[in-house]
Amino acid sequence: MSDKKYILVTGGAGFIGSHTVISLLEKGFEPIIIDDLRNAKPFIINNLETIAGKPILHYPIDCSELNPLEKVFTEYEISGIIHFAAYKAVDESIREPLKYYQNNIGSLLTVLQLAEKFKVANIIFSSSCTVYGEPKDTVIVDEMTPIQAATTPYGETKIMGEKILSDFQKANGNLKITALRYFNPIGAHESALIGELPLGKPANLLPYITQTGIGKLEKLVVFGNDYSTQDGSCIRDYIHIADLADAHVKALQNALESKTGFMDAINIGTGKGTSVLELIKVFEKVSGIKLNYSIGPRRTGDVPAIYANAEKAKTVLNWTATRTLEDSVLSAWNWEKYNSTL
Ligand code: UD1
């Protein structure tokens with residue numbers, strides 16, 4: 001029997017998945033990437049291998065297809081599963097709901113069927129603070145904040161995913177399942193060899209800023225400066241991708257060490273809110289570039305301010321964010337510059 005701890009990482013070539021692969025390797029785990037590269041570029045795998053200094057197991061499989069995935073479970077003794085594989089474009093999910101339900105729910109069900117069959121007890125699920133919707137009174141949300149009805153099919157797949165996992169855990173009491181509810185992941189690996197690769201025009205703020213900074217996009221529009229926040233722009237909790245990746249490894253270690261089964265949901269954020277205008281200022285400081293931006297109307301569906309109470313992650317996982325906002329923005333900027341050379 002191998003003494004290697006194989007961890008299945010579905011969506012392991014994506015933004016959060018690829019950084020988690022590096023964190024797993026740093027802690028001595030053997031990640032197996034399951035990713036058919038529909039939303040990632042093949043060079044990410046090569047660059048992961050450059051960072052790791054060794055080959056990385058990668059299977060270009062659609063993980064909603066049972067048979068090919070089952071072969072991987074047969075070949076390796078898998079100790080844990082980190083399930084990222086999912087679509088995440090909010091607007092697209094409104095236009096093409098079936099695509100989202102089929103892929104995001106379909107892949108989760110397939111992975112869980114195999115987890116049950118092959119008795120893999122340790123499961124980490126990629127969830128989102130989107131499950132909190134638009135909180136009524138408070139901008140700081142902890143895990144007791146009630147889950148709100150989703151406003152988009154994308155959000156619904158995260159709520160449904162957590163519900164499916166909870167029911168599955170109730171029926172299989174030995175399972176140790178953690179849903180990590182991410183706030184706003186930004187930044188890139190310090191090597192600038194992996195990072196966020198938006199296909200087409202980015203929807204998220206920081207890739208939009210860096211692409212405007214490099215001249216790929218002409219101008220950033222700030223979606224509203226008339227919110228009841230300090231400077232009028234929206235507030236979010238931006239978390240460095242390397243910190244977020246480390247949280248997955250901590251959650252995995254916590255599950256591996258636990259003698260009893262559980263289903264838990266944990267916020268992963270910094271606990272600190274930053275406004276859109278503040279983020280622009282940080283970008284201008286670290287890049288030395290004056291950003292071309294203007295103030296536009298509010299974006300429909302935007303929450304004025306939301307950030308994490310991240311105490312539970314500290315208590316349960318012994319995890320806190322360690323990188324600064326400057327680190328995050330600079331790493332994203334270095335990644336954007338690297339991209340412009342490709
Ligand atoms: C968005 C999604 C959320 C998803 C998350 C993934 C919406 C309403 N929410 O969250 O469901 O989980 O991405 O990371 O789409 N902004 C601008 N100009 C831009 C782009 C963004 O001013 O060109 C502002 C937004 O108004 C917001 C902030 O930047 O205040 C962050 O936006 P974004 O990166 O899209 O993240 P969220 O809205 O928090």
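Q: What should I know about the model before I start?
A: It is a predicted model, in which local features need pLDDT of at least 70, side-chain atom pairs count only at pLDDT 80 or more, and totals for chains, interfaces and linings use all residues. Residues are numbered from 1 along each chain as its sequence is written, and side-chain values use heavy atoms, with hydrogens and water left out.

Q: How many strands does the open sheet have, and in which order?
A: Strands of a sheet pair through backbone hydrogen bonds, either parallel or antiparallel. Here, strands are DSSP runs (E, at least two residues) numbered from the N terminus, as are helices (H or I, at least four residues). Two strands pair if DSSP finds at least two bridges between them. In this model, seven strands form an open sheet in the order β3-β2-β1-β4-β5-β7-β12, with parallel pairing.

Q: Which strands stand at the edges?
A: They are β3 (57-59) and β12 (262-268); each has a single partner strand, so one side of each is left without a neighbour in the sheet. For β12, a parallel pairing with β7 (residues 176-182) runs over seven bridges. One of the residues to look for is A179, whose bridge partner in β12 is A265.

Q: Is L37 buried or partly exposed?
A: Buried means under 20% relative accessible area, exposed over 50%, and partly exposed in between (1.4 Å probe, protein chains only). L37 counts as partly exposed because its relative accessibility is 21%. You can find L37 in the loop between β2 (30-34) and α2 (42-52). Its phi is near 65°, a positive value in a residue other than glycine.

Q: Where does N318 lie?
A: Look in the loop between α10 (311-317) and α11 (325-339). N318 is exposed, at 58% relative accessible area, and its phi, near 60°, is positive although the residue is not glycine.

Q: How many residues surround the ligand?
A: A residue is near a molecule if one of its heavy atoms lies within 4 Å of it. The ligand is surrounded by 19 residues, and L205, V221, R236, R299 and D302 are the closest. With four residues, β9 gives the most to this shell.
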